[in-house]
Each structure stands twice: as C-alpha cells, then as structure tokens.
Amino acid sequence: APLLLAFRYLKHPYALHAVAARHDPAAVLVAIIEGCLLSTTITEDGNLITDMTCRVRNSREQNLAIALPEGAELWHVFVDGRRAIPVQSSEGEVQWTKVPIAGVGDGQRAFDVQLRYGHTSPTLESHGVLALEFPRLAIPAMRLGWRVALPERYRLIRHDGTLRHTERLDYQLTALAAAGAPTDQAAGEAA
C-alpha cells in the first residue's frame, strides 16, 4: 500500500493517537448520451418509421439499453458505423433492447449509435390524433430532439407533452442530423 501519512517524534515519550475511517466509494456516471435525435416519418395509413441517433460517451457501460415503444419492430442497429446485433431482456414490465457498446470509443471519444424501428398507429383520417412515445433510455441524455414529418396534406394543429416545439434544432442536434443514417453500403451489410 502506498504511504499516505508520515509522523516523526519531537521528544520522549512519544505517542500517536489516530482514527481511521473507511469511506464508501461515490457513484460515478460511467456513460452519458451527449445528444439523442429521433426523426419520425408518418404515413397516412398509420406507419411510423423512426431513425434514432445517440451520441454516446462511455467508459465502462456494457450496453446501451433502450425500451422501444410498444409494438415497435427494430429494423437495424449501427454502433460507430458498424452493424451491431442487440439482445433482448425483460426487467419487470419493461422489454429492453440492449445494444453492445463496451470498448467503443475507448472511453475518450464520443461515438454514434444509430437504429431504425417501425410501428403502426391508427390511420390519421381527416383530423388524426397521434401519440408519439419517446423510447426509454437507461443511460441519461443531456440533449433530446425529435423531428416529425407528417404526410403532405397534414399539419400540426396542437401538441402537448414535455418536448417544446421549435423551428430548428440546436447546433449539437443538427450535427447528429447531419450524421444521419448509415451509408447505403453499410445499410446493405445489415440485410
């Protein structure tokens, strides 16, 4: 063990009274999502296709656990531009999709986790009401954004929820949008 304290005596008789205490280690965040952007395209017949990009910084987390909306079907997953194979696990009522991220970025650099999923909702009719559910993330996210593309004849009349409507994304989420989906060549590898 390394030497932490040293004492020397100044005169006789010498004595030392010391009290030592063991401290519990503090919890430290081992992974963070610096930004998460969803882009959802909605069709008139109720199909929803969502691309999700998370910029992750990780030092020790094994997986990025994501609980997709109920009924969603995962189409593909890429981690740092490479195809990844997630696993499923249930914890209570929650079905988690776990994307392997161990060792990616070496704990020093951020990397992107990209996935696409689809699911259906009721058709929009003339005045469609649509409830969009953000996937649950097991790693905290610093910044969230969601772009929604409605069919051509539709427009947003009102919305509620915890996300604020804005005309444009901030610069960090815009960078995630520019990262976009994997290249056609990489997406072809997933097939």
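User: Which residue in the turn of the hairpin of strand 1 and strand 2 has a positive phi?
Analyst: This is a predicted model: local features need pLDDT of at least 70, side-chain atom pairs count only at pLDDT 80 or more, and totals for chains, interfaces and linings use all residues. Residues are numbered from 1 along each chain as its sequence is written, and side-chain values use heavy atoms, leaving out hydrogens and water. Strands (E, at least two residues) and helices (H or I, at least four) are DSSP runs, numbered from the N terminus. The hairpin has 4 residues between its strands, and the turn residue with a positive phi, about 95°, is Gly46.

User: In what order do the 6 strands of the open sheet lie?
Analyst: The pairing in this sheet is mixed. Strand 5 (82–83) and strand 10 are the edges, as each pairs on one side only. The order is 5-4-8-2-1-10.

User: What is the bridge partner of Cys54 in strand 8?
Analyst: Strand 2 and strand 8 pair in the antiparallel sense over 10 bridges. Leu48 has His119 as its bridge partner in strand 8. For Cys54, the partner in that strand is Val113.

User: What angle does the direction of helix 1 make with that of strand 1?
Analyst: Axes are lines fitted to C-alpha atoms, for helices over the stretch in contact, and angles run from 0 to 180 degrees between N-to-C directions. Helix 1 (residues 171–179) packs on the sheet and touches strand 1, strand 2, strand 8 and strand 10. Its direction and that of strand 1 make an angle of about 60°.

User: How many disulfides does the rule give?
Analyst: A disulfide is a pair of cysteine sulfur atoms within 2.5 Å. The sulfur of Cys36 has its closest cysteine sulfur in Cys54, 3.4 Å away, so that is too far for a bond. The count of disulfides is 0.

User: Is Cys54 buried or exposed?
Analyst: Buried means under 20% relative accessible area, exposed over 50% and partly exposed in between, with a 1.4 Å probe and protein chains only. Cys36, at 0%, is buried. Cys54 has a relative accessibility of 1%, so Cys54 counts as buried.

User: Which residues touch the most other members of the largest nonpolar core?
Analyst: A nonpolar core is a set of buried Ala, Val, Leu, Ile, Met, Phe, Trp, Tyr and Cys residues joined through side-chain atoms within 4.5 Å. The largest one here has 23 residues, and those touching the most other members are Val56, Leu64, Val79, Val99, Ile101 and Val113.

User: Which residues does Ser121 touch, not counting residues up to four places away in sequence?
Analyst: Ser121 lies in the loop between strand 8 and strand 9. Its relative accessibility is 18%, so Ser121 counts as buried. Contact means heavy atoms within 4.5 Å. By that count, Ser121 touches Asp45, Gly46, Leu48 and Leu130.

User: How far apart are the C-alpha atoms of Ala149 and Ile49?
Analyst: Ala149 is found in strand 10 and is partly exposed, at 35% relative accessibility. Leaving aside neighbours within four places in sequence, Ala149 is in contact with Thr40, Thr41 and Ile42. Ala149 and Ile49 are 100 residues apart along the chain, but their C-alpha atoms are separated by 9.9 Å.

User: What kind of aromatic pair do Tyr9 and Tyr14 form?
Analyst: Rings of Phe, Tyr and Trp (its six-membered ring) pair if their centres lie within 6.5 Å; planes under 30 degrees apart count as stacked, over 60 as edge-to-face and the rest as tilted. The structure holds 2 such pairs. Tyr9 and Tyr14 lie 5.0 Å centre to centre with 35° between the planes, and this pair is tilted.

User: Why is the pair of Phe134 and Trp146 called edge-to-face, and what is the angle of the planes?
Analyst: Phe134 is in the loop between strand 8 (111–120) and strand 9 (136–137), and Trp146 is in strand 10 (residues 144–149), 12 residues apart. Both are buried. The ring centres are 5.3 Å apart, and the pair is edge-to-face because the planes are at 80°.

How values were computed:
Pairing = 2+ DSSP bridges.
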